[in-house]
Amino acid sequence: MPFVVAVDGPAGSGKSSVSKEVARRLDFGFLDTGAAYRALAWHAEASGIDTDDAASVVSCLDSFDYRIGTDPTGYSVQVGAVDVTEAIRDPQISAVVSAVARVPEVRRHLIELFRSIMAAVDASGIIVEGRDITTVVAPDAPVRILLTASEAVRMGRRSAELTGSSVEAVGEQLRKRDAADSKVVDFMTAADGVTTVDSTELDFDQTVEAVIGVIREAAPFLAPEHVARGAQISEETP
């Protein structure tokens with residue numbers, strides 16, 4: 001098993017973009033676990049499955065032929081022979097993915113898939129980001145991080161990414177998604193042994209370096225130039 005860094009966080013916390021950049025700088029692999037839930041939602045929709053019916057969603061797991069790359073500089077997502085890298089980001093998929101992700105059988109199936117991808121990565125380490133990574137997918141990872149920020153900051157960052165969307169509209173979307181996903185996992189509170197990196201007062205590069213700083217404390221094999229500066233970091237001890 002490579003050196004695993006587990007990263008959790010709420011929507012708009014920047015965990016995906018930060019995790020990718022950290023992986024790139026450290027020459028680690030990168031696994032976007034949320035893409036699998038989105039790809040399954042796409043597969044269900046393409047198969048004419050009612051995503052609100054849990055039994056129907058479970059029934060399409062056997063035909064869910066999923067593949068994802070782990071190169072942080074660019075990776076594709078495929079379901080069977082179809083490249084769905086862009087399609088899974090469609091608003092229609094975003095609207096139904098929480099219903100798919102809430103199904104316990106789906107989560108168990110995908111968690112095993114994530115673990116197999118982690119074990120097979122061709123790199124010395126891998127950054128795995130999502131919603132229940134530090135507590136369920138990789139609870140024994142040597143580095144577990146909760147990346148968070150204030151709601152106002154998260155709304156501002158996400159609205160800047162979505163051209164034409166107001167802060168108010170984005171805020172409502174974030175609150176709905178957080179509320180839906182929190183019924184399944186607690187991604188807002190750091191579990192014992194999980195380090196919290198609060199990026200509310202940090203810019204992107206500072207956040208990346210803060211995360212690298214946490215990793216470096218547990219990974220002495222990393223190059224000494226990977227040092228965090230200006231981070232707001234706290235750790236919950238067991």
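This is a predicted model: local features need pLDDT of at least 70, side-chain atom pairs count only at pLDDT 80 or more; totals for chains, interfaces and linings use all residues.
Begin by selecting Tyr37 and Phe114, whose rings form an edge-to-face pair with 6.0 Å from centre to centre and 65 degrees between the planes. This pair links distant parts of the chain, since Tyr37 belongs to helix 2 and Phe114 to helix 5, 77 residues apart. Tyr37 counts as buried because its relative accessibility is 7%, and Phe114, with a relative accessible area of 2%, is buried as well.

Next, select Phe64 and Tyr66, where the ring centres are 5.3 Å apart and the planes are at 25 degrees, so this pair is stacked. Phe64 and Tyr66 are both buried.

Leaving out residues up to four places away in sequence, Ala36 touches Phe64, Tyr66, Leu110 and Phe114. Ala36 has 0% relative accessibility and therefore counts as buried. If you draw a distance from Ala36 to Leu113, the C-alpha atoms are 9.2 Å apart in space, although the two residues are 77 apart in sequence.

Now display the whole of helix 5, residues 104-120. Its 17 residues, at 1.5 Å a residue, should span 24 Å, and the end C-alpha atoms are 25 Å apart, which agrees. Which residues of helix 5 are buried? Select Val106, Arg107, Leu110, Ile111, Phe114, Ile117 and Met118, which are the buried residues of this helix. They cover an arc of only 125 degrees around the axis, which means that they lie on the same side of helix 5. An α-helix has 3.6 residues a turn, so residues three or four places apart point the same way. Turn the view to the other side of helix 5, where Arg108 and Ala120 are exposed.

From Val106, move on to the largest nonpolar core, which has 64 residues; Val106 is among those with the most contacts inside it, together with Val5, Val22, Val77, Ile127 and Ile215. Helix 2, residues 34-46, gives the most to this core, with seven residues. In soluble globular proteins, nonpolar side chains tend to be buried together.

As a last stop, centre the view on Ile127 and show its surroundings. Apart from neighbours within four places in sequence, Ile127 is in contact with Val5, Val7, Ser19, Val22, Ala23, Phe28, Gly29, Phe30, Leu31 and Ile215.

Definitions and conventions: Residues are numbered from 1 along each chain as its sequence is written. Side-chain values use heavy atoms; hydrogens and water are left out. Helices (H or I, at least four residues) and strands (E, at least two) are DSSP runs, numbered from the N terminus. The expected span of a helix is 1.5 Å times one less than its number of residues. Buried means under 20% relative accessible area, exposed over 50%, partly exposed in between (1.4 Å probe, protein chains only). The arc is that of the directions from the helix axis to the C-beta atoms. A nonpolar core is a set of buried Ala, Val, Leu, Ile, Met, Phe, Trp, Tyr and Cys residues joined through side-chain atoms within 4.5 Å. Contact means heavy atoms within 4.5 Å. Rings of Phe, Tyr and Trp (its six-membered ring) pair if their centres lie within 6.5 Å; planes under 30 degrees apart count as stacked, over 60 as edge-to-face and the rest as tilted.
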